[in-house]
Amino acid sequence: MEKLIIGATNYTPEICLDPDSSRISVKGKSYPENTAEFYSPVLNWLENYLDNAHSDSLTISFDVSYFNSSSSKVFLDLFDMFEAEADKGKTIIVNWIYDKNDKDNLEFGEEFQEDYATLKFNLIQKESEEDPFAN
Amino acid sequence: MVQTLYDFKRDLSKRGIFLSFSGPISQDLMVEMGATLKQKMKLEDASKSSVLRVFAMVVENAQNIIHYSAEKYPRKKQNEKACGGEDPVKCCESEELSLGIITVGYEEGYYFVLCGNMIENEKVKGLKEKLSKLQGMNKDELKQFYKAQRKQKPDKTSKGGGLGFIEMARKASRPIEFDFKKIDEDLSFFSVKIII
């Protein structure tokens, strides 16, 4: 299966789906005008991957400094897919990376963690970026 | 008109508004407004969490306007021409612009986001009920409602997740204020104020 890499823009994150290392990363900002349309290739890729993957673990990193409410709904769809895999015995690790000055983002991570007990959440604090206000 | 522009500017200032836009709202415009807003608040030494919250409110409101404003600028002719008139409805959709007002201000020690757009009269009742319900909820109830709502499959009329206002209510420091002004048989003007 091919890797899927989507480059970042001002309002969409960089997404990297790597079947060889069983790693997925979402990094940047997420507030596209049409969230469903933006994430549809990601969801399709994942469905395909999860149907065919033989690896017994999967690591997902979310390092998203801002996401709008409809993105948070898509993240929930992703977690639902991961939960189904965890129920089949796969180890799913979610690294939720947040800026130490951004309590709201930590709270978002905690709330996802509360809802998905079978996923192994790591809430990882990172130092503020040099210019936290840069767009 | 040229003699009264200053009055308009002063009127905005009196209301505490330091950033305002009225007209067609696009994703790109919102992104640039957001960037300038962050820069401005940074210069005022606002905390990172206030900057992010105000920014988030502007994004949610702007995207609500883009998706739901009943006042559109379809530029039908150009589009029909551009795509050979084969599917004018589809062609218009991509080029359609939505009109609304976005303002950001500061009063009594709090930032606020005040936005408005036209909506169809038949949507007023539902939105009023939804917002009134949010007004009556405390932070914990809002959290539970948010989580429950996030799990719902999106309804047909919702282009986002239907979560925007709940998220705003959660991040606001006071209940969301709103108003509906009936304009004519078809349309009302909806305005909403969120204090951060």
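## Chain B layout

Read along the sequence, chain B runs α-β-α-α-β-α-α-β-β-α-α-α-β-β. That gives eight helices and six strands. Helices (H or I, at least four residues) and strands (E, at least two) are DSSP runs, numbered from the N terminus. This is a predicted model, in which local features need pLDDT of at least 70 and side-chain atom pairs count only at pLDDT 80 or more, while totals for chains, interfaces and linings use all residues. Residues are numbered from 1 along each chain as its sequence is written, chains are lettered from A and ligands numbered from 1 in the order in which they are written, and side-chain values use heavy atoms, with hydrogens and water left out.

Of the 196 residues in chain B, 45% are buried. Buried means under 20% relative accessible area, exposed means over 50%, and partly exposed lies in between (1.4 Å probe, protein chains only). Among contacts in chain B with a separation of 6 or more, 69% join residues 24 or more positions apart. A contact means heavy atoms within 4.5 Å.

## Strand β4 of chain B and its partners

Strand β4(B) covers residues 110–120, and eight of its eleven residues are buried, so the strand is largely enclosed by the rest of the structure. Two strands pair if DSSP finds at least two bridges between them. Strand β3(B), residues 97–107, pairs with β4(B) in the antiparallel sense over seven bridges. Here Gly105(B) stands opposite Phe112(B). Strand β6(B), residues 187–195, is also an antiparallel partner of β4(B), over nine bridges. In that pairing Met118(B) faces Phe189(B) of β6(B).

The hairpin of β3(B) and β4(B) has two residues between the strands. Glu108(B) is in this loop. Its phi is near 50°, a positive value in a residue other than glycine. Glu108(B) counts as exposed, at 69% relative accessibility.

Asp45(B) also has a positive phi, about 60°, and is not a glycine. Asp45(B) lies in the loop between α2 (27–43) and α3 of chain B. At 69% relative accessibility, Asp45(B) counts as exposed.

## Aromatic pairs

Rings of Phe, Tyr and Trp (its six-membered ring) pair if their centres lie within 6.5 Å; planes under 30 degrees apart count as stacked, over 60 as edge-to-face and the rest as tilted. The count comes to 23 aromatic pairs over all chains. In one of them, Phe62(A) and Trp96(A) have ring centres 5.4 Å apart and planes at 35°, so the pair is tilted. Phe62(A) sits in β4(A), residues 57–67, and Trp96(A) in β5(A), residues 91–99; they are 34 residues apart. Both are buried.

Phe18(B) and Tyr111(B) form an edge-to-face pair, 6.2 Å centre to centre with 85° between the planes. Phe18(B) belongs to β1(B), residues 17–25, and Tyr111(B) to β4(B), so the pair ties together parts 93 residues apart in sequence. Phe18(B) is partly exposed, with a relative accessible area of 27%. Tyr111(B) is buried, at 10% relative accessibility.

## Charges over rings

A charge sits over a ring if NZ of Lys or CZ of Arg is within 6 Å of the ring centre and within 35 degrees of the ring normal. The charged end of Lys40(B) sits over the ring of Phe18(B), 3.8 Å from its centre. Arg170(B) lies over the face of Tyr146(B), 5.0 Å from the ring centre.

## Aromatic cluster and nonpolar core

One aromatic cluster in chain A includes Phe38(A), Tyr39(A), Phe62(A), Phe79(A), Phe82(A), Trp96(A) and Phe121(A). A nonpolar core is a set of buried Ala, Val, Leu, Ile, Met, Phe, Trp, Tyr and Cys residues joined through side-chain atoms within 4.5 Å. The largest such core has 82 residues, of which Leu46(A), Phe62(A), Phe75(A), Phe79(A) and Phe82(A) touch the most other members. Helix α3(B), residues 48–68, gives this core its largest share, ten residues.

Leaving out residues up to four places away in sequence, Phe82(A) touches Ile24(A), Leu46(A), Leu58(A), Ile60(A), Ile92(A) and Leu119(A).

## Helix α7 of chain B

Helix α7(B), residues 139–151, has 13 residues. From first C-alpha to last, α7(B) reaches 19 Å, close to the 18 Å expected at 1.5 Å a residue. That expected span is 1.5 Å times one less than the number of residues.

Leu142(B), Lys143(B), Phe145(B), Tyr146(B), Lys147(B) and Arg150(B) are buried in α7(B). The buried residues of α7(B) pack against α2 (69–87) and α3 (103–115) of chain A, together with α6 (121–135) and α8 (164–171) of chain B.
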